[in-house]
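Visitor: Please show me the model, and then let us go through its contacts one by one.

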Amino acid sequence: MPRAAVVGAGMTEFGIHDIPLEELFAEAAFGALDDAGAEPADVEALYFGNAMSGQAENTTHLGPKVATHAGMAGIPVQRFEDACATSANAFKNAVAAVEAGVHDAVLVGGVERCTPETGRDTAAMTRVFASASHRQYEQPAGLTFPGVFALLTKRHMYEHGTTEEQLAHVAVKNHGHGALNPRAHFGKEVTVEEVLDGPVVADPFRLMDCCPFSDGASAVVVVSDELADSYDAPVDVTGVGHATDVVPIADKPTPHVTQAARDAAEEAYEQAGVSADDVDFAEVHDCFTGAEVLASEALGLVADGEGGPAAATGRTARDGDVPINPSGGLKAKGHPIGATGTAQVVELTEQLRGEAGARQLPDADRAVAHNLGGDAATTVVSVMEVRG
Amino acid sequence: MSDGLTHAAWSDALREGALLGGACDDCGATVGTPKAACPHCGARGLEPVELPTAGTVYTETTVEVPPEGIDERGYRVAVVDLGAARVLGRLDGAAEIGDAVALAGHVEDEQGYVVPRFEPA
């Protein structure tokens, strides 16, 4: 039996938005409500994600601010902060709430503004992002977030022979997918040569191995299984797993296996009664090309050590046997931190409904979303399926 | 049961050229930074232990785009495997994964927090 259903999905374009967070979130919230055919009054609670508005924009207590702006003042709002896994954590708790009967219908979503064009410059945002690494034992070394994933990826390269060219193929693939997505931050294709010619950010990552700083918002309407059939296009949520790992990186037993993702995937698959072999496609947290390689292995979509070759040989492309990030992923679609988790749910919903337009995958009946936070110390894995 | 290792004690030791970790009597794990309880089994009161100051590079990267507050570019950050535990710090010099390195001091940020600095052994 499904744990819950998504009956409405909406998101803004990811890119540059020089408007207040409340206006940005309302656009996604109204998109989700309109898609569901629901009114604000139908929503009993808001599960809201935003990672760093306090640091980046000096605005806190955002829950009632966005609820008020979107016509939902009065309902309970809970705000989640879990670095880049912020709104997947909100989604997890929303699913649990409707499953338990706490609420029948809720809105889940997130918003963030990260672009230098609308806020702080690259150096300042690099510091804000680095706040997710350990304040005492990592930040004083000058560790950045590209650096965090570089540390994980270089050990993977050492263990498995993953190459910079294979990493570049992840970027090329996701830019290609993103070119089909009208809401993507980056809409143009790139070549392996262009990726490998880019300036180094933190080796082995060059500029195009990294996702952009993005502004954006996303939202979904989540309802109980009992209520789902009263909406036009429900998509089932059959499993949501959530796990954490040791912080800091140096104390993780094997950092590059991203154990939290493996634990979360096992939990999600078990709830859904499926295995990785049953998954038709995945949206994974490719904040850096290496992160997609690690995620594809942690989810069991490819064998350990095969993430790089799978990207290079096209297995993870739209027409491959395990399509990954048909939306373009964080790499091309963009990564407004607090909006990323529910944006993955938006993509799963549209693909599983067969409403993904030019980027629609054939035979998409079951999919998985993998949203990672911090140095991979938080991961939420969700399984969604065409309603049975 | 010991009183456990604190950030202050860990930092003071590092300034004096020593690396401290915490050893768990219950599960046998050793961690390279202070914890109020063992992250692997939950046992409280990890025993402060002095870690070796030499080891091998477990993983490393060169940061070319620094955060606000750091003016230099092209500095290296590494996780160093000391045997019983690993620690993260700066790496000066040409050591790659698997190469031998040794503690060579520390770096300090604007709030006075310190992390180890390693050089090729």
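Visitor: What share of the area buried between chain B and chain A comes from carbon and sulfur atoms?
Guide: This is a predicted model. The size of an interface is often given as the accessible area lost when the parts come together. Between chain B and chain A that area is about 3100 Å², and the share from carbon and sulfur atoms is 59%.

Visitor: How many residues of chain A are in contact with chain B?
Guide: Contact here requires heavy atoms within 4.5 Å. On the side of chain B, 40 residues meet this condition, and on the side of chain A the number is 35.

Visitor: Which residue of chain A meets B:D109 in a salt bridge?
Guide: Side chains of opposite charge can pair when their charged atoms come close. Across the interface of chain B and chain A there are 5 salt bridges. In the salt bridge of B:D109 the N to O distance is 3.0 Å, and the partner is A:R135.

Visitor: How many residues apart in sequence are the parts that A:R3 and A:E99 tie together?
Guide: The structure holds 32 salt bridges over all chains. One of them joins the side chains of A:R3 and A:E99, at 2.9 Å from N to O. A:R3 lies in the segment before β1 (4-11) of chain A and A:E99 in helix α4 (residues 86-100) of chain A, so the parts tied together are apart in sequence by 96 residues.

Visitor: Which residues of α3(A) make the contact with α1(A)?
Guide: The crossing of α1(A) and α3(A) is right-handed. From α1(A) the contact takes A:L21, A:E22, A:E23, A:F25 and A:A26, and from α3(A) it takes A:L62, A:K65, A:V66 and A:H69.

Visitor: How do α7(A) and α11(A) lie to each other?
Guide: Helix α7 (residues 164-178) and helix α11 (residues 289-298) of chain A pack with their axes 8 Å apart, at an angle of about 95°. The two helices are therefore roughly perpendicular.

Methods:
Residues are numbered from 1 along each chain as its sequence is written. Chains are lettered from A and ligands numbered from 1 in the order in which they are written. This is a predicted model: local features need pLDDT of at least 70, side-chain atom pairs count only at pLDDT 80 or more; totals for chains, interfaces and linings use all residues. Side-chain values use heavy atoms; hydrogens and water are left out. A crossing is left-handed if the near helix is turned anticlockwise from the far one by less than a right angle, and right-handed if clockwise. Helices (H or I, at least four residues) and strands (E, at least two) are DSSP runs, numbered from the N terminus. Buried area is the accessible area (1.4 Å probe) that two parts lose on being put together, summed over both. A salt bridge is a side-chain nitrogen of Lys or Arg within 4 Å of a carboxyl oxygen of Asp or Glu. Axes are lines fitted to C-alpha atoms, for helices over the stretch in contact, and angles run from 0 to 180 degrees between N-to-C directions. Angles under 35 degrees count as roughly parallel, over 145 as roughly antiparallel, 65 to 115 as roughly perpendicular and the rest as oblique.
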